[in-house]
Amino acid sequence: MMEITKTIRCKLIGLTKRKLELLNREYDNFQHYLKTGEDGGVYSATKQQGKRTYRKIKPDKEYPLVIRKDLMDIRKTNNKLAKYWARIPICGVRGGIKVALAHQPFNFEEWEICGSKLVRKNGEFYLHVTVKRKVEIKREYDSIIAIDMGAKWVGVSVALHRSRPKFYGKRIREVRGKYFWLRRKLGREKKLRAIKKIGNKERRIVNDELHKIAKDIVDEAERYNAIIAIGDLNGVRNNNKGRKVNRKVNSIPFYRLKEYIKYKALERGILVIELPEFNTSKQCSKCGSMNTERPSQGLFICKDCGYQINADVNGAKNILKRAHAYMVWAGAVVTQPEGKCRYILHTPQPPQLHGGSPRL
């Protein structure tokens with residue numbers, strides 16, 4: 001069993017004028033208390049939790065209001081406005097105030113609710129609810145999905161259960177290119193406020209696309225009972241491929257996508273392993289030769305066996321081979337019923353690699 005923790009971002013909706021006034025008053029008094037130590041009217045448990053959470057206070061910074069675990073009350077209702085309502089403790093208001101929550105589909109009943117933070121942004125309030133639960137990692141798998149991340153495609157996946165690769169990130173590449181052009185144009189006109197505004201919009205669009213990519217990969221892994229293998233991202237930004245390629249690489253949120261895949265997979269008990277990407281882009285996935293060349297960013301050619309393939313697909317295939325070797329090295333029982341591979345783990349999770357990789 002493994003314990004997983006995540007944060008659910010909920011927007012407070014349908015606030016009456018009275019509730020909004022009370023929330024703003026509590027929030028402002030909390031800021032004043034943290035910075036001066038003077039209590040202008042803050043719920044006692046919130047004050048205590050705030051002092052434990054924030055050890056160093058900056059005078060020009062606004063801090064989320066901290067709600068202790070035992071005071072966090074979220075309940076399911078039949079109300080048309082929202083499925084879930086929360087109770088926010090307010091100084092001088094017995095029982096606090098009840099607020100409606102808007103969020104992505106999520107069942108709070110299946111999780112243990114921990115502490116939360118109330119955040120004020122642009123005059124609106126958001127409740128960041130931390131939840132946790134225990135999940136059991138599967139021990140038997142029928143396939144492996146390997147993912148290679150790169151500059152042209154955010155992710156390319158290959159798998160034992162299918163012959164064709166999948167390419168992810170076309171929409172992200174288009175969005176990145178569009179907003180890069182806009183920022184450069186606005187920068188010449190020195191419109192800094194507009195640059196910040198479109199930057200926030202770009203971030204939201206890209207983040208939404210990353211969630212969709214991670215969900216598609218994890219859905220496939222669940223459908224085919226597959227392990228997910230991801231190339232280790234160390235060094236992916238350290239290259240000498242020119243200014244244009246470096247800009248594209250550095251603008252892609254590889255780490256965020258990797259983390260989305262990991263936590264979405266872990267929620268469903270699916271094993272995710274990270275493998276070193278050393279030489280995966282240079283080694284031929286067919287014969288193993290290092291006598292290779294890349295005439296362009298997308299083309300890979302092996303000079304020994306003549307194998308030609310998309311460079312990112314070649315990298316993903318090498319990660320797939322390393323993932324199979326890793327499972328054998330980690331002590332998994334590998335059988336081949338009806339010509340297919342099955343991986344059976346003796347432990348809930350195999351040991352992690354500490355540098356290097358198992359011999360292919």
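By a nonpolar core I mean a set of buried Ala, Val, Leu, Ile, Met, Phe, Trp, Tyr and Cys residues joined through side-chain atoms within 4.5 Å. With that in mind, and remembering that what we have here is a predicted model, let me start with the largest such core, which has 37 residues, and in which Ile74, Ile88, Leu101, Phe108, Leu118 and Leu127 touch the most other members.

If we look at Phe108 in particular, and leave aside residues up to four places away in sequence, its contacts are Ile8, Cys10, Ile74, Tyr84, His103, Ile113, Val129 and Val131. There is also a second, separate core, made up of 29 residues, with Tyr307, Ala311, Leu320 and Leu345 among them.

Let me now turn to the largest pocket, which holds about 1200 Å³ of space. Its lining consists of 26 residues, and those that lie nearest the pocket centre are Lys6, Gln104, His211, Tyr263 and Lys264. At least two lining residues come from each of strand S1 (2-13), strand S7 (124-135), helix H4 (192-223) and helix H6 (254-267), with H4 giving the most, at 7 residues. And what is the lining like by class? It has 12 charged residues, alongside 7 polar and 7 nonpolar ones.

Note on methods
Residues numbered from 1 in each chain as written. Predicted model: local features only at pLDDT ≥ 70, side-chain atom pairs only at ≥ 80, totals over all residues. Heavy atoms only, no water. 1 Å grid on protein atoms, 1.4 Å probe; cavity = no way out; pocket = protein on both sides within 12 Å on 5 of 7 lines; lining within 4 Å. Points joined across faces, edges and corners; volume = space filled by probe spheres on them. Helix = DSSP H or I, 4+ residues; strand = E, 2+ residues; numbered from the N terminus. Nonpolar A, V, L, I, M, F, W, Y, C, P; charged D, E, K, R; others polar. Buried < 20%, exposed > 50% of the residue type's maximum accessible area, 1.4 Å probe, protein only. Contact = heavy atoms within 4.5 Å.
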